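Q: I am new to reading protein structures. Could we go through one together?

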Amino acid sequence: MEIFDLLGEDIITEHQNDKIKQLRSEKQQIKNELYKQKVVQKKKDKKKKIKQQKYEMIQTLETQEQKNQFVHSFKGIRNQKKENGIKSLQSPFKIIIDCGFEDNMSDKEQRSLARQLSELYTENRRMDVPLKLYVTNIYPILHKYLEQYNYKQWQLLSDERLFTDIEEFQQANIVYLSPDGEEELQEIKEDEVYVIGGLVDRVILKNATLNRSRQLGVRCAKLPIGQLIKKNYKKCLNVSTAALMISGWLKYKDWSKAFDSIVPQKFKEQDEEPQLQ
């Protein structure tokens, strides 16, 4: 009787565990769907706001000629983005976002990575020197989140494979960027391909990208920004900011100027207090 009871308890416990897993899965699906709806609604609200601002601006113009010029200026911005998108595919400066850190990120961090990649794509089309972007190691969950940003329509190259398995990069001079690298990157070269780890970690994972570079057997270096970031901040940038820093250097040929033009103010060292005259 005792054996039967013990077996019975095991069966009940196993059944309860399966039910808990199912409930968690359903809860996560609901959460993902709500997030997707939120992203879509946010895009709609943004378009509506821009349309309203455009309409209000047109109403302040007096002549039809002024109104036509204003409308053409909007079209010019859209056309410039398209041209920059095409230009980025022809750029000799190649940046790989290595998304091989799925096991190191929570679901929320993976959603954040998808958003950062979307921001990077948008900002890259606005840069004076756009980069040729590659997103590799796209795994199923990240693919799902990227679809919310229509990434299949982006003018960049994406792949589910590890970049070392892609023929184009097998003979390339690879430099894996890591805040934990010992070497400082002094300049950006056309004959080098720069890899940024697609990692969003709310709690900084020490040596994650450095160990990744060692595992893959590629050179590792860090952006020379240690002296530019506030002392109370970690010496690492998010995915989109790190990539845009490279574009900034190509424009200014100076890391400090690139940093000032790209990195948010909160990361920067405070300006010296003005001296009293």
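Q: Which residue forms a salt bridge with Arg126?

A: A salt bridge is a side-chain nitrogen of Lys or Arg within 4 Å of a carboxyl oxygen of Asp or Glu. Here the partner of Arg126 is Glu123, and their closest N and O atoms are 2.9 Å apart. Before we go on, note that this is a predicted model, where local features need pLDDT of at least 70 and side-chain atom pairs count only at pLDDT 80 or more, while totals for chains, interfaces and linings use all residues. Residues are numbered from 1 along each chain as its sequence is written, and side-chain values use heavy atoms, with hydrogens and water left out.

Q: How many salt bridges are there by this rule?

A: The count is 10. One of them joins the side chains of Asp98 and Arg212, at 2.8 Å from N to O. Asp98 belongs to strand 1 and Arg212 to helix 5 (residues 208–216), so this pair ties together parts 114 residues apart in sequence. Helices (H or I, at least four residues) and strands (E, at least two) are DSSP runs, numbered from the N terminus.

Q: Is Asp98 buried or exposed?

A: Look at relative accessible area: buried means under 20%, exposed over 50%, and partly exposed in between (1.4 Å probe, protein chains only). Asp98 has 0% relative accessibility, so Asp98 is buried. Arg212, at 11%, is buried too. By contrast, Arg126 is partly exposed at 43%, and Glu123 is partly exposed at 29%.

Q: Which residue forms a salt bridge with Glu183?

A: That is Arg219, with the closest N and O atoms 2.6 Å apart. The pair links distant parts of the chain, 36 residues apart: Glu183 is in the loop between strand 4 and strand 5, and Arg219 is in strand 6 (residues 219–221). Salt bridges with shared partners also join Glu183, Glu192 and Arg219 into one network.

Q: How many residues of helix 6 are buried?

A: Helix 6 is mostly covered, with 12 of its 14 residues buried. Among them are Val239, Leu244 and Trp249. The buried residues pack against several elements, including helix 3 (107–124) and strand 5 (192–197); contact means heavy atoms within 4.5 Å.
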